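Hi everyone, thanks for coming. I'd like to walk you through one model today, so please have a look at the screen.

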Amino acid sequence: MKLNYDYFYDWTKANLNINLDGYKEKQLQRRIASVMKNAGAVTLEDYSRKIQKDPAVKQQFLDYITINVTDFFRNQDIFEEFEKQMLVLSAEFPAMKIWSAACSTGAEAYSMAMILDKHKMRTSDKILATDIDDTILKRAKLGVYKTHEMKNVSATDRNSYFEEKEGNYHLKSNIKNNVQFKKHDLIADKFGKGFHIIVCRNVTIYFKNEVKEELYQKFSDSLVPGGLFFTGATEAIYSPEVYGLKKVSAFIYEKM
Ligand SMILES: C[S@@+](CC[C@H](N)C(=O)[O-])C[C@H]1O[C@@H](n2cnc3c(N)ncnc32)[C@H](O)[C@@H]1O
């Protein structure tokens, strides 16, 4: 049976305030069909009724669509290179303004907060960390992680920045207090300005090419000249100069 995706996209826009138009179509539709089947629905009309009635079905849909996988210091080699670049940048800009876009559980923003603390680098304000998903933002604000989420955190960082309580790792307040979480939709919402670092990793892969290109331009416009844009390990920008960016190393770009 052919599923009525046009109906469903309109429905999610009107009822959940989520615009799915910018996401890669085939990939998204495969995910919707699969999560719909899990919920025991046969048509998208039926599925939308279930989402409306049952908060658990709604949450499962949101989790599935937004794909929250993340890690501290994700892709460690690349993150180490990013740490070096942060140090170079902080010599030029002693009080940096930093944004972790599509931050999921906050692991990426907190990784930067640990790096800042370790090297005594300063920021002009708290690190801004944003995501479209309210539920994940609540988790991020808590700053509590399970053992399997800590695999990239060194023993030294674990001891310095976390407290272990009943098998979970709680971030210490000096790190937690240096990150401010806010809801932000990369496709629909306005971007701030004057950033020295923007990290946006592992989310543009889900967007259509034209949306991705628009985002790269907007990120570039949000950076000060000399500022850095850090992408995911599968998100190399092939012609960075088109957006006023210059490749510094794999997945790290400088605003010209
Ligand atoms: C795979 S995670 C990436 C997390 C982190 N940046 C990393 O690389 O580890 C993708 C995140 O993008 C968020 N996301 C999806 N669509 C978004 C949108 N339109 N605006 C903002 N965030 C979005 C999801 O909620 C999810 O937390």
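**A leucine, a sheet and a cavity**

Let's start with Leu16, which is buried, because its relative accessible area is 18% and the cut-off for buried is under 20%. Keep in mind, please, that this is a predicted model.

So where is Leu16 found? Leu16 sits in helix 1, residues 5-16. Setting aside neighbours within four places in sequence, Leu16 is in contact with Trp11, Ile51, Lys58 and Phe61. For a sense of scale, take Lys246: this residue is 230 residues from Leu16 along the chain, and their C-alpha atoms are separated by 38 Å.

Strand 7, residues 168-171, pairs with strand 6 over 4 bridges. Within that pairing, Phe162 has Leu171 of strand 7 as its bridge partner.

How many cavities of 30 Å³ or more does the structure hold? There is 1, and the largest cavity has about 50 Å³ of space. Which residues line the largest cavity? They are Tyr23, Lys24, Gln27, Leu28, Arg31, Ile65, Ile67 and Tyr206. By class, that lining has 5 nonpolar, 1 polar and 2 charged residues. Helix 2, residues 25-38, gives the largest share of the lining, with 3 residues.

Methods:
Residues numbered from 1 in each chain as written. Predicted model: local features only at pLDDT ≥ 70, side-chain atom pairs only at ≥ 80, totals over all residues. Heavy atoms only, no water. Pairing = 2+ DSSP bridges. Helix = DSSP H or I, 4+ residues; strand = E, 2+ residues; numbered from the N terminus. Buried < 20%, exposed > 50% of the residue type's maximum accessible area, 1.4 Å probe, protein only. Contact = heavy atoms within 4.5 Å. 1 Å grid on protein atoms, 1.4 Å probe; cavity = no way out; pocket = protein on both sides within 12 Å on 5 of 7 lines; lining within 4 Å. Points joined across faces, edges and corners; volume = space filled by probe spheres on them. Nonpolar A, V, L, I, M, F, W, Y, C, P; charged D, E, K, R; others polar.
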